[in-house]
Amino acid sequence: MGFEMSLSKIKVSVSSMLVLFVALFFTSCDGGKSDYNPANEKVVGENIAELTLPPNVPAPIDPHRAATKQIVNMEVLEHEGTMTDGVTYTYWTFGGSVPGKFIRIREGDEVEFHLKNHPDNKFAHNIDLHAVTGPGGGAASSFTAPGHETVFSFKALNPGLFVYHCATAPVGMHIANGMYGMILVEPKGGLPKVDKEYYIMQGDFYTSGRTGEAGHQSFDMDKALAENPDYVVFNGSVGAIAGDNSLKAKVGETIRLYVGNGGPNLVSSFHVIGEIFDEVHVEGGTAINKNVQTTLIPAGGAAIVTFKVEVPGSLHLVDHSIFRAFNKGALGSIAVSGDEDKKVYSGMLEDKVYMAEGGRSLTLPSAKGATEKLAGSKAERIEMGANVFKHLCQACHQADAKGMKGVFPPLANSDYFANDPNKAIDAIVHGLSGKITVNGEVFNSAMPAQSLSDEEVANVVTYVLNNFGNKGGEVSPEQVKKVRASGTAGKGGH
Ligand code: HEC
Ligand SMILES: [Cu+2]
């Protein structure tokens with residue numbers, strides 16, 4: 001009896017092992033990843049690759065499409081573009097944009113790369129694609145003089161998101177002028193489906209004038225060597241993916257961002273304010289990290305980030321080395337439309353005045369020191385005041401000076417100081433809190449005293465008086481000095 005029982009047990013285990021072996025055999029034959037070698041995959045037919053301008057990416061590759069010969073036509077263009085309002089720069093580009101046109105292929109594809117250097121260009125260029133296995137990533141075979149076209153080909157052996165860039169000497173200068181972009185090599189079988197895909201690349205720029213200095217700016221080699229950029233931006237210029245150019249999404253959608261960093265110098269602490277990355281293909285490779293707040297993207301590197309948007313609003317994309325975001329341009333946004341979900345995010349439930357014991361007010365460092373430049377005319381005062389407004393006041397009172405309902409009163413057409421500019425001066429130098437009425441609307445909040453010189457206060461008040469539908473006029477530094485000395489520590493209810 002005992003013997004029979006153990007015999008039947010053996011039978012059972014042998015047959016289950018057989019099943020296991022058979023299963024293993026089939027999975028390894030059935031396109032099992034371990035056996036697949038893209039180097040050996042047969043290439044079927046040819047196709048002219050669709051390239052897209054940022055922030056767009058070509059459509060996903062049909063997961064059933066065979067490895068194909070992909071013909072990539074990339075034209076280098078050197079042309080003037082806008083860095084930010086009033087500032088132009090001569091960009092060198094792959095395909096006309098910074099970053100250059102996006103290339104999308106799959107592993108196993110053979111790429112026949114045509115690099116065309118426009119006859120009007122002044123410089124020779126080449127291309128190093130990090131997706132290439134071969135000398136210089138293609139650079140050794142693609143040096144192209146203006147008015148020439150070179151051709152080389154490569155087989156995509158590794159899936160991932162890869163940077164490409166120019167590698168012609170001086171390499172740093174070619175990259176600093178915008179010569180970078182990305183190529184996505186999809187794994188065989190493709191990436192999971194998502195609702196929206198976008199293409200973003202950070203880059204640092206070095207201009208002869210300081211940040212914001214108007215006019216045409218040329219490349220500054222000394223600043224580039226010191227790694228001290230005037231601009232750090234997404235997609236080639238300040239505001240390229242912000243404001244009216246914001247990326248769009250709807251509540252409930254899953255978004256995939258192909259994010260790269262062209263450098264030439266800085267690494268990016270890429271972060272989306274108000275979101276958590278559900279998944280990150282770390283460094284653009286195959287490994288996936290989950291639930292990430294900020295992902296580091298090296299110069300010449302990339303990441304694929306995916307997240308679902310649950311609530312409406314503006315999601316701000318930043319390099320979390322935060323001065324770059326708010327002072328040098330590394331700020332973009334995704335405008336998410338759709339219905340609120342109060343379970344996920346309540347919105348503000350309460351806003352009460354809070355005065356710390358001792359009533360110390362926040363102060364911001366004055367931009368200028370003893371060597372302050374004085375305005376020589378009213379026009380100059382207004383111009384200099386515009387700068388103070390932009391860097392200080394508009395954060396609260398908004399760029400159009402219309403304020404924010406119930407929170408920040410309008411400076412536009414404000415009846416609060418219309419007949420007495422001293423009230424505006426008083427608010428700035430002493431701060432202002434308590435109940436005030438502006439244009440018939442009640443505000444009960446607090447404005448901290450602003451740490452500005454008499455000159456700067458005169459400038460910004462004069463600027464405000466002569467803009468936004470206000471009555472005009474001019475305020476002098478002497479007048480500010482008097483109001484400051486009067487010392488009416490900011491109380492509202494005027
Ligand atoms: C941190 C946010 C903040 C900043 C920065 C700020 N303000 Fe204000 N400001 C306020 C708030 C809040 C009030 C209303 C205070 C109250 O309710 O008593 C106010 C009130 C005022 C008023 C009086 C009300 C009106 O609308 O006419 C003036 C004038 C004014 N601010 C000018 C400025 C100027 C000029 C600057 C830049 C130099 C500036 N503020 C910077 C928050 C700010
Ligand atoms: Cu180049």
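Strand 8 (residues 160-165) is mostly covered, with six of its six residues buried. Buried here means 20 or more other C-beta atoms within 10 Å of a residue's own; exposed means 12 or fewer, partly exposed is in between, and the C-beta atoms are placed from the backbone. Strands, for their part, are DSSP runs of E with at least two residues, while helices are runs of H or I with at least four, and both are numbered from the N terminus. This is a predicted model, in which local features need pLDDT of at least 70, side-chain atom pairs count only at pLDDT 80 or more, and totals for chains, interfaces and linings use all residues. Residues are numbered from 1 along each chain as its sequence is written, and chains are lettered from A and ligands numbered from 1 in the order in which they are written.

Back to strand 8. In a regular strand the side chains alternate between the two faces of the sheet. G160, F162 and Y164 point one way from strand 8, L161, V163 and H165 point the other way, and all are buried.

Which strands does strand 8 pair with? Strand 6 (residues 128-129) runs antiparallel to strand 8 and is joined to it by two bridges, with D128 having H165 as its bridge partner. Strand 9 (residues 180-186) also pairs with strand 8 in the antiparallel sense, over six bridges; there, G160 has V185 as its bridge partner. Pairing takes at least two DSSP bridges between two strands.

Elsewhere, five strands form an open sheet with mixed pairing, in the order 13-21-20-15-18. Strand 13 (247-250) and strand 18 (294-297) are the edges, each pairing on one side only. On average, neighbouring strands of this sheet are turned by 25° against each other, direction ignored. Strand 15 (residues 268-273) and strand 18 run antiparallel and share four bridges, and S268 stands opposite I297 of strand 18.

Now for the helices. Two packed helices are described by the angle between their axes and the distance between the axes. The axes are lines fitted to C-alpha atoms, for helices over the stretch in contact, and the angles run from 0 to 180 degrees between N-to-C directions. Here are two pairs that involve helix 7 (454-465).

| Helix pair | Angle | Axis distance |
|---|---|---|
| Helix 5 and helix 7 | about 95° | 7 Å apart |
| Helix 7 and helix 8 (residues 477-486) | roughly 110° | within 8 Å |

How does helix 5 lie against helix 7, and what meets what? Helix 5 is roughly perpendicular to helix 7. Angles of 65 to 115 degrees count that way, under 35 as roughly parallel, over 145 as roughly antiparallel and the rest as oblique. On the helix 5 side, K378, R381, I382, M384, G385, A386, V388, F389 and C393 meet E456, A458, N459, V460, T462, Y463 and V464 of helix 7. Contact means C-beta atoms, placed from the backbone, within 7 Å. By class, this contact holds 10 nonpolar, three polar and three charged residues. Ala, Val, Leu, Ile, Met, Phe, Trp, Tyr, Cys and Pro count as nonpolar, Asp, Glu, Lys and Arg as charged, and the others, Gly among them, as polar.

Helix 7 and helix 8 are roughly perpendicular to each other as well. Their contact brings D454, E455, V457 and A458 of helix 7 up against P477, V480, K481 and R484 of helix 8, which splits into four nonpolar, no polar and four charged residues.

Helices 5 and 7 turn up again around ligand 1. Along with helix 6 (421-430), strand 22 (432-438) and strand 23 (441-447), each supplies at least two residues of the shell. Helix 5 has the largest share, six residues. Of the 31 residues around ligand 1, C393, C396, P409, Y416 and M447 come nearest; a residue is near if its C-beta atom, placed from the backbone, lies within 6 Å. The shell has 23 nonpolar, eight polar and no charged residues.

K352 sits in the loop between strand 21 (331-337) and helix 5, and is exposed, with 5 other C-beta atoms within 10 Å. I71 belongs to strand 2 (residues 69-84) and is partly exposed, with 16 other C-beta atoms within 10 Å. I71 touches E46, N47, I48, A49, E112 and H114, leaving aside residues up to four places away in sequence.

How values were computed
Two residues are in contact if their C-beta atoms, placed from the backbone, lie within 7 Å.
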